[in-house]
Amino acid sequence: MIKIEKLNKVYENGYEALKSVDLEVPKGALMSLLGPSGCGKSTILNIVAGLLDPTKGDIKFDGESVINKHPKDRDIGMVFQNYALYPHMSVLENVIFPLTVGSNKIKKQEAVKIAQKYIDLTDISDIKDKKPKALSGGQQQRVAIARALVQNPKILLLDEPLSNLDARLRIKIREEIRSIVKKLGVTTVFVTHDQEEALSISDYIALMDKGIIQQVDIPQNLYLNPSNLFVAKFIGTPIINTYKASFDGNSLITKDFSIKLSELENSRFREEFKSGEDYTLAIRPEHLKISEGGIPVEVISIEMIGRYMIVHFDLDNEKSRLLVDSNILINEGDRINLSIDYPSIYIFDKDDRRVY
């Protein structure tokens, strides 16, 4: 298990990259650090790896602090964004290299035997005599993973490992990464800015923004139960629709529509709504439906994404989106009416905390 306690990082220029971060990664779990560029996810990974010193805080592996340990003594494997393969070495030589250097080096014959296990596991046996320049991006990624695993580390760290691959190959390799790490039972931290990647590969996701962890949860809960407005906006494709509303004592009122409290499930209220206060209504595109009555809007554009179409329109002076089946006949310029699936909406207060 990895336990991060009150981790803080302030650079020499005064920039605070991490703000008292607490995080636990259960033994054998695959945890993704997800968030926009500059949110602090790679900073956490580099501190865990020992490549960067924290300003404050502690990191423990199975209860033992590693803050003062050299990277080579932390029992980790790491896969970088650029793979960092040795160009003059073959695939086999790259994979066995960690076993043949340092104080724990072993004889080459034994190293080859161990390396072959991970070469087979990552399905690169047929290219083991080739040099990196002769390999595709996906093959280089498999070599980097095999090399990281060859020392049987307690912890595997992956820093944006799929960002240099094309879309189809990313899907294939991320499935392989999950299969490999779960088969080996190695505790894994995976850094990415791609929500689809994190949602598909992870046991848990820590979603970050501005050096703070906004929510740690299983992928399904991040989507279904966002704790604040940032989480609701970041998770989900197409992006969630948001509208400013005020509460008059009975209803939440926007410029173009209103929602009565009686239309909501009272059991989900986290606090009383306050008359005169401003709130943000958030409605996912799949929770708007085309109906006979309801809110009238004009279709601005249609985006085909396969089984579904994204219908773009303006509502309450906000660019909005509706998700519909591709077999529905609808055109730009059409006037349609929308109904809201009220139990599925989210409501946030003026501080962006979720209240419903």
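Here is a short tour, one selection at a time.

Before you start: this is a predicted model, where local features need pLDDT of at least 70 and side-chain atom pairs count only at pLDDT 80 or more, while totals for chains, interfaces and linings use all residues. Residues are numbered from 1 along each chain as its sequence is written, and side-chain values use heavy atoms, with hydrogens and water left out.

**Stop one: a loop.** Select Asp 126, in the loop between α3 (108-121) and α4 (137-149); helices here are DSSP runs of H or I, at least four residues, numbered from the N terminus. Asp 126 is exposed, at 66% relative accessible area (exposed is over 50%, buried under 20%, partly exposed in between, with a 1.4 Å probe and protein chains only).

**Stop two: rings.** Show Phe 247, Phe 273 and Tyr 279, which ring pairs link into a cluster. Rings of Phe, Tyr and Trp (its six-membered ring) pair if their centres lie within 6.5 Å; planes under 30 degrees apart are stacked, over 60 edge-to-face, and the rest tilted. That rule gives 5 aromatic pairs. Phe 273 and Tyr 279 make an edge-to-face one, with 5.0 Å between centres and 65 degrees between planes. Phe 273 is buried at 10% relative accessibility, and Tyr 279 is buried at 3%.

**Stop three: charges over rings.** Pick Arg 284, whose charged end sits over the ring of Tyr 223, 4.1 Å from its centre. The rule asks for NZ of Lys or CZ of Arg within 6 Å of the ring centre and within 35 degrees of the ring normal. Finish at Lys 9, which lies over the face of Tyr 11, 5.2 Å from the ring centre.

Terms used
Helices (H or I, at least four residues) and strands (E, at least two) are DSSP runs, numbered from the N terminus.
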